[in-house]
Structure formats: structure tokens, C-alpha cells
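I set out to look up the pockets and the nonpolar cores of this structure. The entries below record what I found.

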Amino acid sequence: MLSEKDNALKEVNSRLEKEKFIPENIRDDTKMKALTNFTIKEFFCIYRFLQIEDDLSVDTKRRSIDRYFMFLVKLRTGISNEFLSVLFGISDSTVSRDFNLVTDVLHDKLKLQDVFPTKDEKPASPMEQQMTFSRYKNANTLKGMIGITPNGAISFISELYSGSISDKEHFIRSKLMDRLERNDVVMADKGFLISKELEKIG
């Protein structure tokens with residue numbers, strides 16, 4: 001039988017384990033989405049689908065899923081490495097090293113996925129061909145818009161629109177303006193003729 005001291009130590013270790021900032025301790029979908037942009041089920045399903053456990057277990061005692069979790073938290077929230085080091089109980093340099101590793105691993109994994117059509121592919125319907133044809137690209141395309149914060153975090157991803165839509169119309173339909181606040185600074189390509197729209201925000 002375990003002694004009273006052993007039982008107390010086991011209880012302390014159990015409590016500390018429950019307080020760790022790890023994905024298994026996030027038991028609320030709202031919190032998980034705030035941290036990673038995924039529900040709990042989506043988070044674990046995508047992790048298993050990517051099959052990156054071995055790749056992220058190299059030269060470390062840290063669990064691969066914790067590295068992946070930290071990577072998503074960084075992307076979703078854009079918080080500093082210093083703050084992440086406090087959350088995960090690791091050094092700033094480890095945060096940076098782990099983030100770069102996950103980036104490299106995911107790049108290698110995802111670049112092998114043939115998810116985009118070739119330039120020669122186009123819709124069968126003449127109407128859809130006309131709607132998706134981009135004069136700028138001289139091809140049938142879909143157009144998406146991504147917002148990036150000054151520290152490099154992705155803060156906004158729009159729905160896809162037909163390639164014929166103008167950048168200005170795309171900006172308006174995406175409702176990105178609804179997320180902007182007074183005195184926010186927006187940097188965009190010269191094709192985005194949106195100065196008047198931004199003036200309304202101030």
C-alpha cells in the first residue's frame with residue numbers, strides 16, 4: 001500500500017498535470033476555438049490526419065502535440081514568444097525553435113497535397129467560365145483575401161469569390177471593414193481602391 005506521503009505526492013502531481021497548458025486540459029469548444037480556431041474534435045482530428053507526431057518528436061522531451069498546439073495558439077492569437085514561454089513553461093528560444101520546426105514540417109507535409117487545380121482547368125459551364133475568369137491572371141480563378149497583423153499572425157481569411165470580382169468589391173463583400181476600429185492602419189496592394197470606405201471608419 002502507498003504511504004500517506006506517497007498519496008499526497010501523487011495528488012500534487014495529479015493537480016499539477018491538470019493545470020498544465022496542454023490541449024487535453026482545454027475542455028470547452030469556445031476556449032479551444034479562441035486559442036486555435038478549431039473545436040476540440042477538429043483539433044485532434046486534424047492532428048491525427050497530418051501524421052506529424054514522429055516529425056515533431058525529434059530532439060526534444062516535449063510532446064509533439066504540445067508543439068503543434070503552441071504553433072496554432074501563436075497563429076490564432078499572435079501573442080509574443082515571451083508570453084507563450086510563460087504559458088507553456090519553456091524558454092523563449094524553445095518557443096521560437098518549436099514554431100519554426102512545426103512550420104517546416106507542415107510545409108513539407110502540405111506541399112505534397114494536390115489541392116489546387118492546374119492553370120488549364122476551367123469550369124464546364126460557359127457562364128461559370130466568365131464569372132471566374134481573371135484578366136489579371138489570364139485564367140479561371142477563385143479569389144480570397146487574407147489579413148495579417150504586424151507581427152505576422154493571420155487575423156482574417158475571407159470566403160472565396162469568383163476571379164472576375166474586383167479587389168474593391170471583394171474587400172466590401174468580405175465584411176473585413178466590420179472588424180476594423182477607428183485609427184486602425186490598413187496596408188494593401190495598389191489595386192485596392194478603398195480609401196473612401198476606410199475614411200468612413202476614421
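**Second largest pocket**

I began with the contributors to the lining of the second largest pocket, where helix 4 gives the most, with 6 residues. Helices (H or I, at least four residues) and strands (E, at least two) are taken as DSSP runs, numbered from the N terminus. At least two lining residues each come from helix 3 (40-50), helix 4 (64-77), helix 6 (92-110) and strand 5. I noted 22 lining residues, with Thr36, Asn37, Phe38, Ile154 and Ile157 nearest the centre of this pocket. A pocket here is an open set of points on a 1 Å grid over the protein atoms alone, where a 1.4 Å probe fits, with protein on both sides within 12 Å along at least five of seven lines; lining residues have an atom within 4 Å of a point. The space in the second largest pocket is about 730 Å³, a volume being the space filled by probe spheres set on points joined across faces, edges and corners. Its lining has 14 nonpolar, 6 polar and 2 charged residues. Ala, Val, Leu, Ile, Met, Phe, Trp, Tyr, Cys and Pro count as nonpolar, Asp, Glu, Lys and Arg as charged, and the others, Gly among them, as polar.

**Basis of the model**

I recorded that the model is predicted, that local features need pLDDT of at least 70 and side-chain atom pairs pLDDT 80 or more, and that totals for chains, interfaces and linings use all residues. Residues are numbered from 1 along each chain as its sequence is written, and side-chain values use heavy atoms, without hydrogens and water.

**Largest pocket**

I then turned to the largest pocket, which holds about 1,500 Å³ of space. Its lining comprises 45 residues, and Gly144, Met145, Ile146, His170 and Phe192 lie nearest the centre. Elements giving two or more residues to this lining include strand 5 (154-157) and helix 8 (167-174). I found 23 nonpolar, 13 polar and 9 charged residues in the lining of the largest pocket.

**Nonpolar cores**

Which residues touch the most other members of the largest nonpolar core? Among its 24 residues, they are Phe43, Ile52, Tyr68, Phe69 and Phe88. Such a core is a set of buried Ala, Val, Leu, Ile, Met, Phe, Trp, Tyr and Cys residues joined through side-chain atoms within 4.5 Å, buried meaning under 20% relative accessible area with a 1.4 Å probe, protein chains only. Helix 4 supplies the largest share of this core, 7 residues. Apart from this core I noted another of 5 residues, including Met145 and Phe171.

Terms used:
Buried means under 20% relative accessible area, exposed over 50%, partly exposed in between (1.4 Å probe, protein chains only).
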